[in-house]
Amino acid sequence: MLTTVASESSASATPTTTTAPAPSSSGTDDTSLQLNVERAFRDDPDIAVTGVIATVLEGKATLTGEVKTPALKQKAERLVRTVKGIASVENKITVNPDAP
C-alpha cells in the first residue's frame with residue numbers, strides 16, 4: 001500500500017504529488033523492515049546459508065524455506081522477532097534433514 005503525500009513547490013503555487021511507502025501498523029515501513037530482516041539473516045552464519053526467505057507485509061513477517069533441523073527453524077524465527085517493528089511472525093519453514 002502506498003500513501004500519497006502532497007507538497008507545494010517553492011518555485012510555483014502548483015502543488016506537486018509524491019508517493020511514499022505506507023507505514024505498517026507498527027509505524028515502520030515494510031521495506032525498511034524487510035531490509036532489516038534480510039540483514040539479520042545475512043549476519044548470522046547459520047541462517048545465511050539456509051536460503052530461508054522472509055516476506056514482510058504490514059509488519060508481519062512470513063518465513064518460508066527448508067532447513068535441516070528444528071533448531072535452525074526456531075533460530076530463524078527468533079532472529080526475526082529481534083527486528084524492531086516486526087509485529088508478528090508466521091513461521092512456515094519446513095524441516096528436512098536432506099535440505100542443502
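Alanine 61 stands opposite valine 89 in β6. That pair belongs to a predicted model, and the strand that faces β6 here is β4, residues 60–64. β4 and β6 run parallel and share 4 bridges. Helix α3, residues 70–81, packs on the sheet and touches both β4 and β6. The direction of α3 makes about 160 degrees with that of β6.

**The chain as a whole**

- The chain holds 3 helices and 7 strands.
- Their order along the sequence is β-β-α-α-β-β-β-α-β-β.
- The chain has 100 residues, and 29% of them count as buried.
- Take the contacts between residues at least 6 apart in sequence: 52% of these join residues at least 24 apart.

**The sheet**

- Three strands form an open sheet in the order β3-β4-β6, and the pairing is mixed.
- β3 (53–57) and β6 (88–91) are the edge strands, each pairing on one side only.
- On average, neighbouring strands of this sheet are turned by 20 degrees against each other, direction ignored.
- β3 and β4 run antiparallel, joined by 5 bridges.
- Leucine 57 has lysine 60 of β4 as its bridge partner.
- In general, strands of a sheet pair through backbone hydrogen bonds, in either a parallel or an antiparallel sense.
- Side chains alternate along β3. Ala54 and Val56 point to one face and are buried.
- Threonine 62 is part of strand β4. Its relative accessible area is 18%, under the 20% limit, so threonine 62 counts as buried.
- Beyond its neighbours within four places in sequence, threonine 62 is in contact with Ile53, Ala54, Thr55, Glu90 and Lys92.

**The turn between β3 and β4**

- The hairpin of β3 and β4 has 2 residues between the strands.
- Glutamate 58 sits in this loop between β3 and β4.
- Most residues other than glycine have a negative phi.
- Glutamate 58 is not a glycine, yet its phi is positive, at about 55 degrees.
- Glutamate 58 is also exposed, with a relative accessible area of 55%.

**Helices on the sheet**

- Helix α1 (residues 30–43) lies across β3 and β4. α1 runs at about 160 degrees to β3.
- Helix α3 has 12 residues, which should span 16 Å at 1.5 Å a residue. The end C-alpha atoms of α3 are 17 Å apart, which agrees.
- Leu72, Ala76, Leu79 and Val80 are the buried residues named in α3. These residues cover an arc of only 95 degrees around the axis, so they lie on the same side of α3.
- The cover over the buried residues of α3 includes α1, α2, β4, β5 (66–67) and β6.

**The nonpolar core**

- The largest nonpolar core has 19 residues.
- Which of its residues touch the most other members? They are Val37, Phe41, Leu63, Val80 and Ile86.
- α1, β3, β4 and α3 each supply at least two residues of this core.
- Valine 80 touches Val37, Phe41, Ala61, Leu63, Ile86 and Val89, leaving out residues up to four places away in sequence. Among these contacts are Ala61 and Val89, the two residues that stand opposite each other in the sheet.

**Two loop residues**

- Aspartate 44 is found in the loop between α1 and α2 (45–48).
- Is aspartate 44 buried or exposed? Aspartate 44 is buried, because its relative accessible area of 11% is under 20%.
- Aspartate 44 touches Lys75 and Leu79, not counting residues up to four places away in sequence. Leu79 is one of the buried residues of α3.
- Glycine 51 lies in the loop between α2 and β3.
- Glycine 51 counts as exposed, because its relative accessibility of 52% is over 50%.
- Glycine 51 and phenylalanine 41 are 10 residues apart in sequence. In space they are 9.4 Å apart, C-alpha to C-alpha.

Key. Residues are numbered from 1 along each chain as its sequence is written. This is a predicted model: local features need pLDDT of at least 70, side-chain atom pairs count only at pLDDT 80 or more; totals for chains, interfaces and linings use all residues. Side-chain values use heavy atoms; hydrogens and water are left out. Two strands pair if DSSP finds at least two bridges between them. Axes are lines fitted to C-alpha atoms, for helices over the stretch in contact, and angles run from 0 to 180 degrees between N-to-C directions. Contact means heavy atoms within 4.5 Å. Buried means under 20% relative accessible area, exposed over 50%, partly exposed in between (1.4 Å probe, protein chains only). The expected span of a helix is 1.5 Å times one less than its number of residues. The arc is that of the directions from the helix axis to the C-beta atoms. A nonpolar core is a set of buried Ala, Val, Leu, Ile, Met, Phe, Trp, Tyr and Cys residues joined through side-chain atoms within 4.5 Å.
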